[in-house]
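Colleague: I have a few minutes before the group meeting. Can you put the model up and walk me through it?

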Amino acid sequence: MATSELSCQVSEENSERREAFWAEWKDLTLSTRPEEGCSLHEEDAWRRETYHQQGQCQALVQCSPWLVMRMGILGRGLQEYQLPYQRVLPLPIFTPAKVGAAKEEREDTPIPLQELLSLETALGGQCVDRQEVAEITKQLPPVVPVSKPGALRRSLSRSMSQEAQRG
């Protein structure tokens, strides 16, 4: 299966406003594929001959940054699809409010953050599996101060051998 790709690059710079934009995307993909329902297979058992032929078609896929995809077979026309909007970057949870702005001028809280806040208020600020810090630190191995690099290896090997003896 042979494939050819065409990519596009766009760059723009506004030095007055100190802004720059750069984008690159795979615009066009042309691939050769076997065509469905267009194959021929003949066998002659008496002469011990076989013949196989498979039809091919060129599939074309074109994508654009405006979320439009065109697909089809070369020479037969393309079908256009509008892709759903998808953010490339994750939604920022915390955006700083304008300093000194009145409450009316501030932006609304993002919906995912509103859902998290409503869940926290429903739980009453309590964690079901909450443990005190002292309980968590009891489960951790003791901290050994290291004076020499070789001392760390010896102390680890001793503790590992002691663990092996305990079972």
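Colleague: What is the order of the strands in the open sheet?

Modeller: Bear in mind that this is a predicted model. The open sheet has 5 strands in the order E1-E2-E3-E4-E5, with antiparallel pairing.

Colleague: Which are the edge strands?

Modeller: Strand E1 (3-14) and strand E5 (78-82), each of which pairs on one side only. On average, neighbouring strands of the sheet are turned by 20 degrees against each other, ignoring direction.

Colleague: How many bridges pair E1 and E2?

Modeller: There are 12 bridges between E1 and strand E2, residues 19-44, and the pairing is antiparallel.

Colleague: What joins E4 to E5?

Modeller: The two run antiparallel and are joined by 5 bridges. Met69 stands opposite Tyr81 in E5.

Colleague: Changing topic, how many salt bridges are there?

Modeller: The count is 4 salt bridges. One of them is between Glu35 and Arg76, with the closest N and O atoms 2.6 Å apart. Glu35 is in strand E2 and Arg76 in the loop between E4 and E5, so this pair ties together parts 41 residues apart in sequence. Arg76 is exposed, at 58% relative accessibility.

Colleague: Which residue does Arg70 meet in a salt bridge?

Modeller: Glu80, at 3.1 Å from N to O. Arg70 belongs to strand E4 and Glu80 to strand E5, so the pair links parts that are 10 residues apart in sequence. Arg70 is partly exposed at 28%, and Glu80 is partly exposed at 48%.

Colleague: What about Arg17, buried or exposed?

Modeller: Exposed, with a relative accessible area of 59%. Arg17 forms a salt bridge with Glu19, their closest N and O atoms being 3.5 Å apart. Glu19 is partly exposed at 37% relative accessibility.

Colleague: Last one, how many disulfides?

Modeller: The count is 0 disulfides. As for cysteines, Cys8 is partly exposed at 22% relative accessibility, and Cys63 is partly exposed at 24%.

Definitions and conventions. Residues are numbered from 1 along each chain as its sequence is written. This is a predicted model: local features need pLDDT of at least 70, side-chain atom pairs count only at pLDDT 80 or more; totals for chains, interfaces and linings use all residues. Side-chain values use heavy atoms; hydrogens and water are left out. Two strands pair if DSSP finds at least two bridges between them. Helices (H or I, at least four residues) and strands (E, at least two) are DSSP runs, numbered from the N terminus. Axes are lines fitted to C-alpha atoms, for helices over the stretch in contact, and angles run from 0 to 180 degrees between N-to-C directions. A disulfide is a pair of cysteine sulfur atoms within 2.5 Å. Buried means under 20% relative accessible area, exposed over 50%, partly exposed in between (1.4 Å probe, protein chains only). A salt bridge is a side-chain nitrogen of Lys or Arg within 4 Å of a carboxyl oxygen of Asp or Glu.
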